[in-house]
Amino acid sequence: MRIRRILAAVFATAALAGLGLTGAATATATAVSVTPASVTPGECTDNGGTIDRSTPVLPTCRGGMYDGQTVD
């Protein structure tokens with residue numbers, strides 16, 4: 001009877017430890033941010049940038065979070 005309790009405790013501890021590792025991996029994976037290829041004018045200005053229309057092909061966001069990204 002004592003062995004069953006010990007085994008149950010070992011399995012419960014291992015299961016909880018596994019959940020903790022999985023949760024940490026998920027939190028790390030979701031913390032990565034991806035910069036979009038182009039942003040909208042609103043996204044540029046809302047995040048502290050200004051729209052530079054003097055670039056040759058497309059306007060570019062200058063400053064803020066999306067500095068250097070093209071504005072679509």
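Contact here means heavy atoms within 4.5 Å, and in that sense threonine 55 touches Thr60 and Arg62 when residues up to four places away in sequence are not counted. The structure is a predicted model, in which local features need pLDDT of at least 70 and side-chain atom pairs count only at pLDDT 80 or more, while totals for chains, interfaces and linings use all residues. Residues are numbered from 1 along each chain as its sequence is written, and side-chain values use heavy atoms, with hydrogens and water left out.

**Overall layout**

- The protein chain has 2 helices and 4 strands, where helices (H or I, at least four residues) and strands (E, at least two) are DSSP runs numbered from the N terminus.
- Along the sequence, these elements of the protein chain follow the pattern α-β-α-β-β-β.
- Of the 72 residues of the protein chain, 12% count as buried; buried means under 20% relative accessible area, exposed means over 50%, and partly exposed lies in between, with a 1.4 Å probe and protein chains only.
- The protein chain exposes about 5500 Å², of which carbon and sulfur atoms supply 64%, the areas coming from the Shrake-Rupley method with a 1.4 Å probe, and for residues only the protein chains shown count as cover.
- Among contacts in the protein chain between residues at least 6 apart in sequence, 29% join residues at least 24 apart.

**Threonine 55 and threonine 60**

- Threonine 55 lies in the loop between strand S2 (50–52) and strand S3 (60–62), and it counts as buried because its relative accessible area is 17%.
- The side chain of threonine 55 reaches the backbone oxygen of leucine 58 at 2.3 Å.
- Threonine 60, in strand S3, is also buried, with a relative accessibility of 7%.
- The side chains of threonine 60 and threonine 55 make a polar contact at 3.4 Å; a polar contact is a pair of N or O atoms within 3.5 Å, where within protein one must be able to donate a hydrogen and the other to accept it, and residues adjacent in sequence count only if both atoms are side-chain atoms.
- Leaving out residues up to four places away in sequence, threonine 60 touches several residues, among them Thr50, Ile51 and Asp52, as well as Gly68, Gln69, Thr70 and Val71.

**The salt bridge**

- A search of the whole structure finds 1 salt bridge, the term standing for a side-chain nitrogen of Lys or Arg within 4 Å of a carboxyl oxygen of Asp or Glu.
- Aspartate 52 forms a salt bridge with arginine 62, and the closest N and O atoms are 3.3 Å apart.
- This pair links distant parts of the chain, since aspartate 52 is in strand S2 and arginine 62 is in strand S3, 10 residues apart.
- Aspartate 52 counts as partly exposed at 21% relative accessibility, and arginine 62 is partly exposed with a relative accessible area of 36%.

**The disulfide and the nonpolar core**

- The structure holds 1 disulfide, defined as a pair of cysteine sulfur atoms within 2.5 Å.
- Cysteine 44 is joined to cysteine 61 by a disulfide with an S to S distance of 2.1 Å.
- Cysteine 44 lies in helix H2 (residues 41–46) and cysteine 61 in strand S3, so the pair ties together parts that are 17 residues apart in sequence.
- The torsion about the S-S bond of cysteine 44 and cysteine 61 is about 90 degrees, so the disulfide is right-handed.
- Both cysteine 44 and cysteine 61 are buried, and they belong to the largest nonpolar core, whose 5 residues also include Val39, Tyr66 and Val71.
- A nonpolar core is a set of buried Ala, Val, Leu, Ile, Met, Phe, Trp, Tyr and Cys residues joined through side-chain atoms within 4.5 Å.
- Valine 39 touches Cys44, Cys61, Tyr66 and Val71, and its other contacts include Gln69, with residues up to four places away in sequence not counted.

- Threonine 40 has its place in the loop between strand S1 (38–39) and H2, and it counts as partly exposed at 39% relative accessibility.
- Threonine 40 and valine 71 are 31 residues apart in sequence, while their C-alpha atoms are 5.5 Å apart in space.
- Threonine 70 is found in strand S4 (residues 70–71) and is partly exposed, with a relative accessible area of 28%.
- A polar atom of the side chain of threonine 70 lies 3.3 Å from the backbone oxygen of alanine 37.
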